[in-house]
Amino acid sequence: MAKALADEFSQARAVLDDVDEALGQRLSKLMFEGPQDELTLTANAQPALMAASLAAIRVLEAEAGLDLSRDAAFVAGHSLGEYSALAAAGSFSVAEAARLLRLRGKAMQDAAPVGAGAMAALLGVEVEAAAEIARQAAEEAGPGAVCDVANDNGGGQVVVSGSVAAVNRAIEIAKTKGARRSLLLPVSAPFHCSLMRPAAEAMAAALAKVEIRPPCAPLVANVLAAPVSDPAEIRRLLVAQVTGAVRWRESLIFMAGKGVILFVECGAGKVLSGLVKRVCADATGISVGTPADIAGYKAQA
């Protein structure tokens, strides 16, 4: 993860050095070499994904002349990616974002006992139907069971999260409601549901101690699917998104409705740029995470 960028561009290496120093850990070594099971621990994965995103952003700024305040109508990020978006837009330093995401990852892992929660993707189901499936599943799973819509990703892909029994029940119910496929996700905790309240409280305490500066481009917030620039509101929404749903489909539709025709996904992977093609027929999504991607972006620009 991010190794090719760091090998070729000093700007990427500087981002990873900042993250290593902020965390007091050679996270970059883990990103480059693994082992995979240690990298995918959420306390490592969250700052690592942010570091990869910011490494790509810094290289685009240096090599392709990217200026977010001039070139971006909005910034946005999926779940932990909201911290990446805010760091890119100047609301946090990279070091601040790394420390917050380390805490966020640990708090989310600790919020529910191991094995008590689960997440499942319901494919071929729209969000309204998924919400009804989740409600029914929680009811049928018994007192205290939780099943919430966690991600509305678009293209008929909705993720539910909650108690193991309730999520398993949601998978069964979805089969009777026209879902094309339903499957458990390999996650370490039930993110973006009410079981994450202890993590939300931990993030509220941590964010209260951090200065948040107005972003150079408005943030389209996960829980609103609408833009925000006020630091106090951003702080409130970052707490709310720990237990709230990621309204990604609606966020893409909002930005496209405001005239955005190019979405640039910065960092590891191509999932989000792929979702653009499913949700916004008239927009283009591209991913930038390797030196070849940087060259392609420069050519397109």
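**Helix packing, nonpolar cores and cysteines**

The buried residues of helix 12 (231-243) are covered by elements that include helix 7 (81-88), helix 8 (94-111), helix 11 (197-207), strand 5 (219-221) and strand 6 (226-228). Helices (H or I, at least four residues) and strands (E, at least two) are DSSP runs, numbered from the N terminus. The model is predicted: local features need pLDDT of at least 70, side-chain atom pairs count only at pLDDT 80 or more, and totals for chains, interfaces and linings use all residues. Residues are numbered from 1 along each chain as its sequence is written, and side-chain values use heavy atoms, without hydrogens and water.

Helix 12 buries Pro-231, Ile-234, Leu-237, Leu-238, Val-239, Gln-241 and Val-242. Buried means under 20% relative accessible area, exposed over 50%, and partly exposed in between (1.4 Å probe, protein chains only).

A nonpolar core is a set of buried Ala, Val, Leu, Ile, Met, Phe, Trp, Tyr and Cys residues joined through side-chain atoms within 4.5 Å. The largest one has 76 residues. Met-31, Phe-92, Met-196 and Leu-207 touch the most other members. Helix 5 (residues 42-64) gives this core its largest share, 10 residues. A second, separate core holds 21 residues, among them Val-127, Cys-147, Ala-166 and Ala-174.

Contact means heavy atoms within 4.5 Å. Leaving aside residues up to four places away in sequence, Met-196 touches Met-108, Ala-111, Ala-112, Ala-189, Pro-190, Phe-191, Val-242 and Thr-243.

Zero disulfides (pairs of cysteine sulfur atoms within 2.5 Å) were found. The closest cysteine sulfur to that of Cys-216 lies in Cys-266, 12 Å away, too far for a bond. Cys-216 is partly exposed at 35% relative accessibility. Cys-266 is buried at 17%.
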